[in-house]
Amino acid sequence: MMQALPYLQKIALKRESVDSFDCYPFSIPAIRELVCLEFGREVTIFVGENGSGKSTLLEAIAVGMGFNAEGGSRNFHFDTRSTHSELHRFIRLTKSFKKHRDGFFLRAESFYNVATNIDELDEAPGFGPPIRNSYGGKSLHKQSHGESFLSLLVERFYGRGLYILDEPEAALSPTRQLAVLSRMHQLIKQDSQFILATHSPILLAYPGALIYQIDQSGIYPIRYEDTEHYEVTKAFLNHPQPMLRELFSESE
């Protein structure tokens, strides 16, 4: 029997269309080695160091699926900066026979611009209800960064959706990261798919998530317990004083 999920099943790099792998973004090792990448039914997570290509790949996926490069739903068309790469033009996407009903691309670094665009649209003449009603009825700029992120997940995301999140933990305390896990679980039970890039060992722990390590050797599946984020966090929490002594002695 055919399954609706995942809505985005896999991507492939159209390598034959790339003129040179010496130019950005194809010079990024993870992109240079990319052939085909499959997605988990519920949650797929990219993990890796800053500069490894996580956000570049996530952005290409989002744009390829019709989202604005700076974030938002498919109805957002603002452009405050044209710095996104052309990678999406070289990505072949394989989708489910069933289309997702809801969707959103959240990237922490440009969420301020999304909030500004919502306020601008609400201030313009119109006949429909304010857009902010879908985000808790209050301007996202009048909430803390963490509050606005949670308002987005709780008020705006309504299920049967494709949600692409780039480092959503940026403004969230550990307690609120746990709240995000809970909300993700609710939405997944409502036939949603999540694709995210994160440094958070809490978000990485989502049960059954397909985790991809992105590094100088390419992109490959990895167990949660084998990620550096898990290993370093666990080692530090279990033995903070010896690790601090070693770090401080090295700095001296």
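A residue counts as buried when its relative accessible area is under 20%. By that criterion, 47% of the 252 residues of this protein are buried. The model is predicted. The protein contains 7 helices and 9 strands.

**Overall build**
- Of the contacts between residues at least 6 apart in sequence, 75% join residues at least 24 apart.
- The protein exposes about 13,000 Å², and carbon and sulfur atoms supply 51% of that area.

**Leu150 in helix α4**
- Leu150 belongs to helix α4, which covers residues 145–156.
- The relative accessible area of Leu150 is 16%, and because buried means under 20%, Leu150 is buried.
- Once neighbours within four places in sequence are set aside, Leu150 is in contact with Glu155, Leu172, Arg176, Ala179 and Val180.
- One of these, Ala179, is 29 residues from Leu150 in sequence, and the C-alpha atoms of Leu150 and Ala179 are 8.2 Å apart.

**Aromatic pairs**
- The whole structure holds 7 aromatic pairs.
- In the pair Tyr163 and Phe194, the ring centres are 5.2 Å apart and the planes meet at 40 degrees, so the pair is tilted.
- This pair links distant parts of the chain: Tyr163 sits in strand β6 (residues 161–166) and Phe194 in strand β7 (residues 193–197), 31 residues apart.
- Tyr163 and Phe194 are both buried.
- Ring pairs also connect Tyr163 and Phe194 with Phe104 and Phe157 in a cluster.

**Cis peptide bonds**
- Most peptide bonds are trans.
- The bond joining Leu5 and Pro6 is cis, with omega about 0 degrees; Pro6 is placed in the segment before β1 (8–13).
- The bond from Tyr24 to Pro25 is also cis, with omega near 5 degrees; Pro25 lies in the loop between β1 and α1 (29–32).

- Most residues other than glycine have a negative phi.
- Arg160 is not a glycine, yet has a positive phi of about 45 degrees.
- Arg160 is in the loop between α4 and β6, and its relative accessible area of 26% makes Arg160 partly exposed.
- Asp191, likewise not a glycine, has a positive phi of about 60 degrees.
- Asp191 is in the loop between α5 (174–188) and β7, and with a relative accessible area of 40% Asp191 is partly exposed.

Conventions
Residues are numbered from 1 along each chain as its sequence is written. This is a predicted model: local features need pLDDT of at least 70, side-chain atom pairs count only at pLDDT 80 or more; totals for chains, interfaces and linings use all residues. Side-chain values use heavy atoms; hydrogens and water are left out. Helices (H or I, at least four residues) and strands (E, at least two) are DSSP runs, numbered from the N terminus. Buried means under 20% relative accessible area, exposed over 50%, partly exposed in between (1.4 Å probe, protein chains only). Contact means heavy atoms within 4.5 Å. Accessible areas come from the Shrake-Rupley method with a 1.4 Å probe; for residues, only the protein chains shown count as cover. Rings of Phe, Tyr and Trp (its six-membered ring) pair if their centres lie within 6.5 Å; planes under 30 degrees apart count as stacked, over 60 as edge-to-face and the rest as tilted.
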